[in-house]
Amino acid sequence: EAGIAGRGPTLARPMPTFKTAYLIHGDDHGRVGERRSRLRALAETQGGGGVEHLEGDDATPEAVAAALCAMTFATGRRFVIVDGVERWKDAEVTEHLVGVLASPDPETTVAFFAREDKRAKAPAALVKAVRAAGGDVAQEQSRSMKELPSWVIEQAGRLLQRVRDR
């Protein structure tokens, strides 16, 4: 098939598919931030429906529920990116978000990001609600110096297997 102006084949990139909800959490703050940045860039270039970013005092379970329920005039997939969910309480999530996530808009993706430490963790109610909505939960944990050699060997094995499978 000829591409633009007959200059050869067109290499169309497949559009990524998105789930309705994601939770990325863990104590590897760099990796959590990297995943947030990648999602935001992807959403801005391929979303078409707009990107809302809630952080700081604006990132409450009540505000997220309102954003998810708000009507929009945009067309295409809409993204709501929420930073700081490690500060939330289970009761707040249950009261404001569980019902909204139980019947998600198929054209909206909400992504929650939690930078955890010893005391601040993503609420268990949010983990459960994201999974119940058919979403993905990913934990990004730092490796201790003792764990690094076995982790590197495991990652190398996975990469080698991918090369062999091609």
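Reader: How many helices and strands does the chain have?
Author: This is a predicted model. From the N terminus on, the elements run β-α-β-α-β-α-α-β-α-β-α. The chain has 5 strands, and its helices number 6.

Reader: What percentage of the contacts with a separation of 6 or more comes from residues 24 or more positions apart?
Author: The chain has 166 residues, and 35% of them count as buried. Among contacts in the chain with a separation of 6 or more, the share from residues 24 or more positions apart is 81%.

Reader: How many aromatic pairs are found, and what is the geometry of Phe18 with Phe79?
Author: A search of the whole structure finds 2 aromatic pairs. The ring centres of Phe18 and Phe79 are 4.9 Å apart, and their planes are at 85°. Planes over 60 degrees apart count as edge-to-face. The geometry of Phe18 with Phe79 is therefore edge-to-face.

Reader: How far apart in sequence are the parts that Phe18 and Phe79 tie together?
Author: Both Phe18 and Phe79 are buried. Phe18 lies in the segment before strand S1 (21-26), whereas Phe79 belongs to strand S3 (residues 77-83), so the pair ties together parts whose separation in sequence is 61 residues.

Reader: Which residue forms an aromatic pair with Trp88, and where does that residue lie?
Author: The pair of Trp88 is edge-to-face, at 5.9 Å centre to centre and 75° between the planes. Trp88 sits in the loop between S3 and helix H3 (90-96), and its partner is 24 residues away in strand S4 (residues 108-115). That partner is Phe112.

Reader: Why does Trp88 count as buried, and what is the relative accessibility of Phe112?
Author: Buried means under 20% relative accessible area. Trp88 is buried because its relative accessible area is 6%. Phe112 also counts as buried, with a relative accessibility of 0%.

Reader: Which residues form the nonpolar patch on the surface?
Author: The patch has about 390 Å² of accessible area together. Its members are Met145, Leu148, Trp151 and Val152.

Reader: Is Trp151 buried or partly exposed?
Author: Trp151 is found in helix H6 (residues 148-165). Its relative accessible area is 32%. Buried means under 20% and exposed over 50%, with partly exposed in between. Trp151 is therefore partly exposed.

How values were computed: Residues are numbered from 1 along each chain as its sequence is written. This is a predicted model: local features need pLDDT of at least 70, side-chain atom pairs count only at pLDDT 80 or more; totals for chains, interfaces and linings use all residues. Side-chain values use heavy atoms; hydrogens and water are left out. Helices (H or I, at least four residues) and strands (E, at least two) are DSSP runs, numbered from the N terminus. Buried means under 20% relative accessible area, exposed over 50%, partly exposed in between (1.4 Å probe, protein chains only). Contact means heavy atoms within 4.5 Å. Rings of Phe, Tyr and Trp (its six-membered ring) pair if their centres lie within 6.5 Å; planes under 30 degrees apart count as stacked, over 60 as edge-to-face and the rest as tilted. Patches are made of residues with over 30% relative accessible area and no salt bridge: like charges are joined within 9 Å, nonpolar side chains (Val, Leu, Ile, Met, Phe, Trp, Tyr) within 5 Å. Accessible areas come from the Shrake-Rupley method with a 1.4 Å probe; for residues, only the protein chains shown count as cover. A salt bridge is a side-chain nitrogen of Lys or Arg within 4 Å of a carboxyl oxygen of Asp or Glu.
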